[in-house]
Amino acid sequence: MTSTGAGLAGCTVATRSYLADARLAARSFLDQHPGARFTIVVVDGDHMPPATWSARDVELRTPTELRFPADELLRMAAIYTPFEIACALKPLALRRALEHADVAVYVDGDVEVLHPMDELVDAAGVHDVVLVPHVLDPVP
């Protein structure tokens, strides 16, 4: 499978204050992977007016829209930072992306995708999970 096929979806998790960054991640991912879809899970979208931004092949969803228990989200909000909640919701975003595709790629919301991820997508088609490190050499 190549990253240009319909079997690919991307996703990220962001708070509304970082939605502009997440939109860049989504658009850049889709620019490099035509025919793919992208989901942005908006952590704090349930208790605010709906986000009005929309784009073809990008969906904005809240945790409760994806069947995450509202009371659990409120408990998490009482003890975790927004960043920690976003990290905890990554599996939810990946599960949603996999509803649309055979391969899902999680992209941090502050990432701009500048090149197709063919090798990553191909590896994900063979292995259940592919992790990409932030650094390749030891930090001095």
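This is a predicted model: local features need pLDDT of at least 70, side-chain atom pairs count only at pLDDT 80 or more; totals for chains, interfaces and linings use all residues.
User: Which residues line the largest cavity, and what volume does it have?
Analyst: The lining consists of Leu66, Arg67, Leu92, Arg95, Arg96 and Glu99, around a volume of about 40 Å³, and the structure holds one cavity of 30 Å³ or more. On a 1 Å grid over the protein atoms alone, a cavity is a set of points where a 1.4 Å probe fits but cannot get out, a pocket is an open set with protein on both sides within 12 Å along at least five of seven lines, and lining residues have an atom within 4 Å of a point. Points are joined across faces, edges and corners, and a volume is the space filled by probe spheres set on them.

User: OK, pockets then. What is the volume of the largest pocket, and which residues lie nearest its centre?
Analyst: The largest pocket has a volume of about 870 Å³, and of the 27 residues that line it, Val105, Tyr106, Leu120, Val130 and Val132 lie nearest the centre. H4, E4 and helix H5 (118–126) are the elements that give two or more residues to this lining, with the largest share, four residues, coming from E4. By class, the lining of the largest pocket divides into 18 nonpolar, three polar and six charged residues. Helices (H or I, at least four residues) and strands (E, at least two) are DSSP runs numbered from the N terminus.

User: And the second largest pocket, what volume, and which element gives the largest share of its lining?
Analyst: Its volume is about 320 Å³, and the closest to its centre among the 14 lining residues are Val13, Tyr18, Phe83, Ala86 and Gly109. The largest share of the lining of the second largest pocket, four residues, comes from H3.

User: Switching to the sheet, in what order do the strands run?
Analyst: Four strands form an open sheet in the order E3-E2-E1-E4, with parallel pairing, where two strands pair if DSSP finds at least two bridges between them. Strand E3 (58–61) and strand E4 (103–106) stand at the edges with a single partner strand each, so one side of each is left without a neighbour in the sheet. E1 is joined to E2 over six bridges and to E4 over four; cysteine 11 stands opposite tyrosine 106 in E4, and alanine 14 opposite valine 42 in E2.

User: Where does histidine 33 lie?
Analyst: Histidine 33 lies in the loop between H1 and E2 and counts as buried because its relative accessibility is 0%. Histidine 33 and histidine 115 are 82 residues apart in sequence and 8.9 Å apart in space, C-alpha to C-alpha.

Conventions: Residues are numbered from 1 along each chain as its sequence is written. Side-chain values use heavy atoms; hydrogens and water are left out. Buried means under 20% relative accessible area, exposed over 50%, partly exposed in between (1.4 Å probe, protein chains only). Ala, Val, Leu, Ile, Met, Phe, Trp, Tyr, Cys and Pro count as nonpolar, Asp, Glu, Lys and Arg as charged, and the others, Gly among them, as polar.
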